[in-house]
Each structure stands twice: as C-alpha cells, then as structure tokens.
Amino acid sequence: MRSPMVRGVVGSVVVALASLVTSVVPASSWVASIPLRHSLAGRMVGLTFMVAGLGLMAWAWLTVGRRVMAGERLPLLRMTACWSAPLLLAPPLFSRDAWSYAAQGALVAEGNNPYDVGPGVLSGHIIEAVDPMWMQTPAPYGPLPLAYGGLVAHLTMNPYLLMLAHRLLAVLGIVLIAWAVPRLAIACRVNPAVATWLVVLNPMLITHGIGAAHNDVLMLGLACSAFALALTGRWGTAAVVAGAAAAVKLPGGLVVIAIAAVMSPLAGRVLRFASLVIAGAVSVLTLVTIGALTGVGSGWLGALDVPGLVRSPFSIANLIGMAASGVLGWLGEDTAAAQALQIVRLVGMVAALGLIAWLSLRSSIHYAARAVGVALLAVVVLGPSAHDWYFLWCLPFLAVARPGRRLTTIITAVSLIFTIAAPLNSSLRGATIPILTTTALVIAMAVPLLSHLRTLQPARKVPVTAA
C-alpha cells in the first residue's frame with residue numbers, strides 16, 4: 001500500500017466494516033445480531049480494527065500533506081470522494097446523534113414540536129438507538145435540519161434510512177466546504193492545495209462528518225460559502241447564507257464577522273459596527289424566516305442549554321467549574337459547590353462573547369478568516385459543552401488564515417489525535433477494559449504519526465498576483 005490513495009481507501013473500508021461491530025444500532029437491525037457484538041472479545045476485535053483503520057487514514061493523510069507541501073499536484077478532491085465512499089452506508093460512527101436526528105424528524109412528521117418534547121414520546125424502532133440521555137430533552141438544533149428530517153420522515157419511518165438522509169446533508173456540507181476553501185485560500189494568499197489538504201481531505205472531517213453524520217458539517221459548509229460569496233461582492237446573499245448556517249446550529253452565524261470585514265475593509269470602527277449590524281440583521285431575519293416558513297419556529301433558542309448536560313473535558317469552563325465544585329464540596333460548601341459549575345460556565349460564555357465583540361470591531365479583511373476561526377474556537381473551549389468534532393468549526397477559517405509552521409503543525413496534530421481517538425466516545429461509558437485497551441491502541445497508533453509532524457513545512461503563500 002505504497003500509494004496514499006489506496007492506503008486511505010483501505011483504512012476507510014476497515015473503519016466501515018469495524019463499525020458493524022462497534023457502532024450503536026437499533027436492536028431490531030440485522031447488524032445487532034452480528035455475533036462479534038455480543039462478547040467482550042468480539043467487541044475488542046472490532047475496536048482494534050477501528051483504530052487500525054483510522055490510523056491508516058491518518059497515515060495516508062499525513063503522507064499526502066508532505067507531498068502537497070513539496071509542490072506535488074495530487075487529486076485531493078478525488079481522494080476525498082474515494083476515502084468517503086466506504087462510509088456512506090455504514091452505521092453512524094462514534095456518536096448516536098444521527099439516531100437522535102432521525103427521531104426528531106419523526107417528531108416533526110407526527111405533528112409534535114421537537115422544541116417542547118423529546119424522542120421519548122415516540123415508540124417503536126425509531127427510538128431504539130437514541131441515547132437515553134436525550135430521550136426526554138428538546139432538540140437544540142435550528143429549524144433547517146428538523147424541517148428536512150420531518151419531510152423525509154413523511155416518506156419513511158425507518159431509522160436507518162432517516163439516518164442516511166441526514167448523512168446526505170453532511171455530504172452536501174463537505175461539497176460546500178470543498179467549493180469554498182480554495183477560494184478563501186486564494187483570497188487570503190494561501191496555497192489552495194495545502195488548505196484543501198488540511199481541511200477537505202482531513203480524516204477528522206471525513207469520519208466525524210460523513211461517518212458520524214453530524215449536522216455541524218452542513219453548518220460549516222454554509223458558513224464557508226457565505227464568506228466566499230462575500231468576497232465576490234454579494235454581501236446580501238452572503239448574509240442570507242450566514243443566516244441559513246445559523247438555522248442549522250447557531251455558531252454558524254458568527255461568519256457575519258467576516259462578511260462585515262469584507263463590506264468595509266478600510267473603514268473605521270463606527271462603519272465596521274454599522275456593517276456588522278446590517279449583516280447581522282439580515283442573518284437574523286433569515287433565521288427567523290426559515291423558522292416561520294418551515295413551521296418549526298424558533299423554540300430551539302430555549303433549548304440551547306441541552307448540550308451542556310454533557311460535562312465535556314474539552315471545555316475549559318467545564319474543567320474549571322468541575323474542579324471548583326469538587327473543592328467546595330470537599331470543604332463542605334454544598335450549596336456553593338452545586339452552583340459553581342453554572343457560574344463558571346456563565347463567566348466562560350461572557351468571556352467568549354467579549355472576545356467575539358472585540359474581534360468583530362478590529363479585524364480587517366486580511367484577518368477576517370482568523371477572526372472567525374478564533375471566535376468559533378472561543379465558543380468551543382469557553383462554552384458549556386464541547387465535543388471533539390466541534391473543533392471542526394474553526395478548522396477551515398484557521399487553515400486559510402496564513403498558518404505558519406507552528407499553526408499548521410498544531411492543526412495537523414489535533415486532527416490526527418481526534419481522528420484516531422474518536423472511538424473513545426460515550427458508547428464506552430463505564431466499560432473499563434474496552435476504554436483501557438482502546439486508549440493503549442490509540443497511543444500506539446498516534447505516537448509514531450505525531451513524531452513525523454516535524455517534517456511538515458509551512459503552508460506556502462500564493463503569489464500576490466494570484467489573489
């Protein structure tokens with residue numbers, strides 16, 4: 001397997017086959033009857049092959065990156081399609097969110113408001129694979145994916161087919177990202193091939209995006225497209241697309257920072273603020289209109305705290321809040337301990353909003369991409385909830401923000417780790433042996449790959465005339 005194209009395809013096929021053993025599926029599915037799923041030894045075999053397949057994809061990606069940075073022209077989009085294809089029909093990887101999407105679409109189809117009730121009001125196969133944690137919670141997503149899920153659920157209530165329908169949205173998101181990233185890179189005078197390798201071919205995007213079918217990828221595709229449209233002078237259209245991104249998940253609307261910078265690249269802060277207000281108003285109007293036209297409404301604003309039920313270690317606010325709560329509890333201050341996490345989360349969000357406001361008023365067009373990337377990263381690490389795939393939010397914007405060797409290395413290292421360590425998800429909750437074994441496999445696979453990061457060179461700038 002000397003060819004990275006072949007190595008990546010083989011890795012993707014191994015991941016797809018391993019998912020038949022490791023992924024959570026409805027109990028009524030034929031996949032649930034596979035013998036390997038019903039023994040610890042069988043599940044460990046599946047996890048071993050899963051990590052090995054992810055390692056092959058990461059290795060192939062790193063090899064491609066070295067060749068692209070050396071100036072070699074490679075068919076990156078074709079590679080992306082080939083590496084993605086084996087995952088199209090696989091069960092959802094690493095997360096049960098796609099089964100929740102299916103159930104929420106069924107809620108809409110049956111006339112229930114997914115912002116008032118959770119999937120628990122349903123019965124049958126549609127809720128068999130939904131995480132019990134989300135069974136009684138309202139949907140925290142915007143009206144676009146819910147309305148789409150409702151339309152598909154009118155045609156079928158088969159959870160697998162509904163999951164595949166949401167995976168198609170993820171495919172659309174990656175197509176939009178693949179269209180926008182080279183254009184953003186050229187505008188920012190970054191080598192578009194390097195940016196495409198760093199973002200579009202990234203195995204974290206392929207496995208968490210298409211494999212897990214997260215709607216974050218559609219949000220990201222719309223946000224990148226909005227920025228690219230703004231660079232062509234179509235600011236109004238860009239603001240509408242930004243509103244559509246927010247109608248998937250609210251953070252997508254932060255791309256208005258870049259749109260405002262494009263609208264007034266040489267203006268002072270007053271005109272920049274005016275541009276931000278105009279772009280933001282158009283985006284909010286679009287968001288509200290989508291909610292009204294789809295009949296889903298805007299009740300999701302009241303459910304934005306639902307993801308915060310997960311105390312993710314990727315959130316700095318969570319780590320500080322849980323530490324403070326633990327110390328206060330040890331000191332016997334039970335009331336303060338119970339409130340500590342919420343207070344620290346609130347402080348984190350205020351800090352994130354302050355940083356976003358500062359970036360909005362000072363970023364010029366030259367730094368617009370970096371401003372959006374930093375703003376999204378702040379929402380992830382300072383917000384109340386963060387998952388590994390949330391780091392995809394800032395990936396395209398940081399990748400086109402003239403990353404030097406250090407930033408390129410950091411992005412690559414984070415992508416490699418979050419790709420290979422993806423099986424360490426909530427489905428292993430409480431399973432000591434699988435967790436320890438998978439961790440050992442991840443370390444054994446990741447360390448050799450990370451040791452080669454020093455061979456990566458800075459993303460080379462495109463000549464001034466190319467912009």
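The term pLDDT stands for the predictor's confidence in each residue, from 0 to 100, and helices are DSSP runs (H or I, at least four residues), numbered from the N terminus. This is a predicted model, in which local features need pLDDT of at least 70 and side-chain atom pairs count only at pLDDT 80 or more, while totals for chains, interfaces and linings use all residues. Residues are numbered from 1 along each chain as its sequence is written, and side-chain values use heavy atoms, with hydrogens and water left out.

The chain has a mean pLDDT of 81, with 76% of its residues at 70 or more. Confidence is highest in helix H3 (residues 76-84), with a mean of 94, and lowest in helix H13 (residues 316-330), with a mean of 62.

Leaving aside residues up to four places away in sequence, Ser 19 touches Arg 37, Met 50, Ala 90, Pro 91 and Leu 93, where a contact means heavy atoms within 4.5 Å. By contrast, Leu 89, in the loop between H3 and helix H4 (97-109), is exposed because its relative accessibility is 61%.

Aromatic rings come next. Rings of Phe, Tyr and Trp (its six-membered ring) pair if their centres lie within 6.5 Å, and planes under 30 degrees apart count as stacked, over 60 as edge-to-face and the rest as tilted. The whole structure holds five aromatic pairs. Trp 389 and Tyr 390 are edge-to-face, because their planes stand at 85°, with the ring centres 5.8 Å apart. Phe 391 and Phe 418 form a tilted pair, at 5.2 Å between centres and 45° between planes.

Conventions:
Helix = DSSP H or I, 4+ residues; strand = E, 2+ residues; numbered from the N terminus. Buried < 20%, exposed > 50% of the residue type's maximum accessible area, 1.4 Å probe, protein only.
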